[in-house]
Amino acid sequence: MTDQPLAVELTDITKTFPGVIANEDVNLAVGAGEIHAIVGENGAGKSTLMKILYGMQAPDEGTIHVRGETVHFKTPKDAIAKGIGMVHQHFMLADNLTVLENIVLGDEPTRGAQIDFSAGSDKIREIGKTYGMEIDPGALVEALTVGERQRTEIVKVLYRGARILILDEPTAVLVPQEVDELFANLREMKSEGETVIFISHHLDEVLAIADSITVMRAGRTVATVSPDDVDAKQLAELMVGSELPTPETTESTVTDAVELAVEGLTVLSDDGRKLLDDITFDIHRGEIVGIAGVEGNGQAELTDALMGILPTSSGSVVFRGDNIAAWSTKRRREDGIGIIPADRHRQGLLLQSPLWENAMLGHQTVKPFSRGPWIDRAGARERTQDVIDRFDVKTPGPDTVALALSGGNQQKLIVGKEMIADPYVLVASQPTRGIDVGAQAAIWDELRDARKEGLAVLLISADLEELIGLSDRLLVIYSGKIVADLDPQTVTPEELGSYMTGVGVEAAS
Ligand SMILES: Nc1ncnc2c1ncn2[C@@H]1O[C@H](COP(=O)(O)OP(=O)(O)OP(=O)(O)O)[C@@H](O)[C@H]1O
Ligand SMILES: [Mg+2]
């Protein structure tokens, strides 16, 4: 290394929240121009550390050096002024504004008293060229894919002059092709001399792209390693602090009883396009049916239609022998259809409310959450504590607000509250998104156990390993249609990938 100062040096950082030590004497050194990954279990303190570096949270103790200079950030503005930018675990764009408006918001270029939008557009295009991150400044954010939204967030940060870029779980929401693109962008940034710090639970990715990796465990940094010196298993063991169990092999538990029969399900958009086109499949008792597909090909519409949120234009859904077309969402849930929503912030959680209220969502009319017409607060707290214990949700207790949970622990709560309710059918979208490898294995075990007990699962996931590993049958959704029915035992990721992108479809037809 040269005698260039470190891009970032955090020394003895401590940060506590009521009942929780999020960071304890944390040290982190990030060289200028490197891609530095941070890994660790859910709740290990990764996001907190990065929020401290970005001026969003003040440390109780410790010092921050940026390029050799001691800094005291009071707000993100101070951090931005020192060339630090952050893209959060959950996107923060305004859907109803354009890319340009989102990017310049709060930092508008002006000519006289006017906002100079054309200067803004020029600058966005220039950033796009420099880093290979082209994006249409005039596009409406709500029309963008997840990958494009993320690109907008990154360009926004670069627009403000960031030379040190923090990305909190950037790949959690991306499909494999988008991950490749992002990584190409990050390498481009690195070759321009920028520094990237990123958090990820996908250890293979981390090993592929990082120059160095810092491991956090229970609020502390336990090691900084080179990707040349460790493999994914060793990295996971550093995170957990012990050896990981090897997953058991499983045998089929599929029975003859059909729990959910979907036939010819078609959903139209307001302007008459087919969002779901003649979808047909069964899920048996004890079976996990996986749905593979690039996000935006009808997965959200399928879950919404099954839950009675989206009206269907033709076809039927039969749940345990009953056509449930006329059933409300409430009835579907009460009668035993559980749902793990894909977007926990839009659908799954009330961030400002305590965990016990969150655990009740969708179940508030049944035991143990209600007694007659009343809410049973004690019952709700007790049930929430059961979820916390069984699913290892890291939190002081049921009265903590959801906002205070780390991203992965929020997800564990959602998965736990649905599984503990013992549904007949579980519609699980991205059940382990943002969850660390150890907790992911635990949730996979829970799903396998529940399957053995007879649960029928519709598993929608962007994680091909998860789909192939858990599913008894694998369907591919493309452009609102089921285009393939595959055996997970024999399918290859390449084959799956070609159906997912529509290539296999054309070849077959
Ligand atoms: N605003 C807050 N109020 C109270 N506790 C908090 C707050 N933010 C974080 N915590 C707690 O601090 C700990 C570390 O959280 P943090 O979000 O940094 O974890 P993380 O490593 O990013 O986890 P994940 O992988 O799940 O995103 C957790 O126990 C969390 O509950
Ligand atoms: Mg986090």
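This is a predicted model: local features need pLDDT of at least 70, side-chain atom pairs count only at pLDDT 80 or more; totals for chains, interfaces and linings use all residues.
Close-up 1. Start with α4, which covers residues 117-131, and α5, which covers residues 146-159. Their axes come within 10 Å and cross at roughly 105°. On the α4 side, the contact is made by Lys-123, Ile-124, Ile-127, Gly-128 and Tyr-131. Facing them from α5 are Val-155, Leu-158 and Tyr-159. Sort these residues by class and you get 6 nonpolar, 1 polar and 1 charged.

A handy thing to remember here: two packed helices are described by the angle between their axes plus the distance between those axes.

**Close-up 2. Six strands line up in an open sheet.** Reading across, the order is β18-β21-β22-β15-β23-β24, and the pairing is mixed. Which strands stand at the edges? They are β18 (337-340) and β24 (481-486). Each has a single partner strand, so one side of each is left without a neighbour in the sheet. If you ignore direction, neighbouring strands here are turned by 20° against each other on average.

**Close-up 3. Strands β15 and β22 run parallel.** Zoom in on β15 (residues 288-292) and β22 (residues 456-460), and you'll find 4 bridges joining them. To spot one pair of facing residues, look for Val-289, which stands opposite Leu-458 in β22. As background, strands of a sheet pair through backbone hydrogen bonds, either parallel or antiparallel.

**Close-up 4. Helix α14 lies across two strands of the sheet.** The strands in question are β18 and β21 (425-429). Compared with β18, α14 runs at about 175°.

**Close-up 5. Ligand 1 lies between two domains.** Why is it placed between them? Domain 1 (8-89 + 162-240) and domain 3 (343-422) both give residues to the shell around ligand 1, so the ligand lies between them. There are 20 residues around ligand 1, and those that come nearest are Ser-47, Thr-48, Ala-404, Ser-406 and Gly-408. The elements giving two or more residues to this shell are β2 (20-30), α1 (46-53) and α14 (407-420). By class, the shell has 6 nonpolar, 11 polar and 3 charged residues.

**Close-up 6. Domain 1 touches domain 3.** The domain assignment of the protein chain also gives a domain 2, made of 253-336 + 423-509. The C-alpha centres of domain 1 and domain 3 lie 29 Å apart. Their contact takes 8 residues from domain 1 and 8 residues from domain 3. On the domain 1 side, those residues split into 2 nonpolar, 5 polar and 1 charged.

Terms used: Residues are numbered from 1 along each chain as its sequence is written. Chains are lettered from A and ligands numbered from 1 in the order in which they are written. A residue is near a molecule or strand if its C-beta atom, placed from the backbone, lies within 6 Å of it. Ala, Val, Leu, Ile, Met, Phe, Trp, Tyr, Cys and Pro count as nonpolar, Asp, Glu, Lys and Arg as charged, and the others, Gly among them, as polar. Domain bounds come from an automatic or database domain assignment. Axes are lines fitted to C-alpha atoms, for helices over the stretch in contact, and angles run from 0 to 180 degrees between N-to-C directions. Two residues are in contact if their C-beta atoms, placed from the backbone, lie within 7 Å. Two strands pair if DSSP finds at least two bridges between them.
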